[in-house]
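Here is a short report for a first look at this structure. Start with the whole chain, then turn to one of its parts.

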Amino acid sequence: MFEIERRLEEKGIVRRDIVAAAMELYVPHGIEADEAARRLDAKIGKALEDPNISSLLLGALLLEDELYVKRKDSEIADDPVFLLSDEIIGMAIAEVIGGTYARFEFTRYDQKKPGILGKLGPFLDDAVAGLIAGCTSRLYSESMGSM
């Protein structure tokens, strides 16, 4: 939807890097790491097809471009504490995919910023962290249900 995966790729955000970032903080829940990475890749692919997730990611892309990339001396270059909309987008993405538990998972990824998250600007790092958090939270919930 909205060619969101292509748009992310144009910004250097490819699915394998998203999965790799997710796996940096992966907590084994009865699923081997290789299998978890495969399942996460599938969940991320499915999430990218959701119009709600795609529109939130597109919003983050556009905001980052307008308020961060295009401004020589951007007021949000250092992700100031007064900027909350980036966090709200990330939490919304996480919760749409994985429910309330995903909000806690979002905090882990937002604080540690593993892999590609550490290279992204203030809106995209949180949006992609939300994508990861929602998908990992859902994976954890499913694996706990099968135990």
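Accessible areas here come from the Shrake-Rupley method with a 1.4 Å probe. By that method, the accessible surface of the chain comes to about 7,800 Å². Carbon and sulfur atoms hold 54% of that surface. The model is a predicted one.

**The whole chain**

The chain has 7 helices and 0 strands. From the N terminus on, the elements read α-α-α-α-α-α-α. The radius of gyration is 15 Å, close to the 15 Å that the globule rule gives for 147 residues, so the chain is as compact as a globular protein of that length.

| Property of the chain | Value |
|---|---|
| Buried share of the 147 residues | 46% |
| Share joining residues at least 24 apart, among contacts between residues at least 6 apart in sequence | 76% |

**Helix α5**

Helix α5 covers residues 85-98, which is 14 residues. From its first C-alpha to its last it reaches 20 Å, close to the 20 Å expected at 1.5 Å a residue.

Which residues of α5 are buried? They are Asp86, Glu87, Ile89, Gly90, Ile93, Ala94, Ile97 and Gly98. Seen down the axis of α5, these buried residues fall within an arc of 165°, so they line one face of the helix. An α-helix has 3.6 residues a turn, so residues three or four places apart point the same way.

Just after α5 comes Gly99, with a positive phi of about 75°.

Methods:
Residues numbered from 1 in each chain as written. Predicted model: local features only at pLDDT ≥ 70, side-chain atom pairs only at ≥ 80, totals over all residues. Heavy atoms only, no water. Helix = DSSP H or I, 4+ residues; strand = E, 2+ residues; numbered from the N terminus. Expected span 1.5 Å × (residues − 1). Buried < 20%, exposed > 50% of the residue type's maximum accessible area, 1.4 Å probe, protein only. Arc of directions from axis to C-beta. Rg over C-alpha atoms; globule rule 2.2 N^0.38 Å. Contact = heavy atoms within 4.5 Å.
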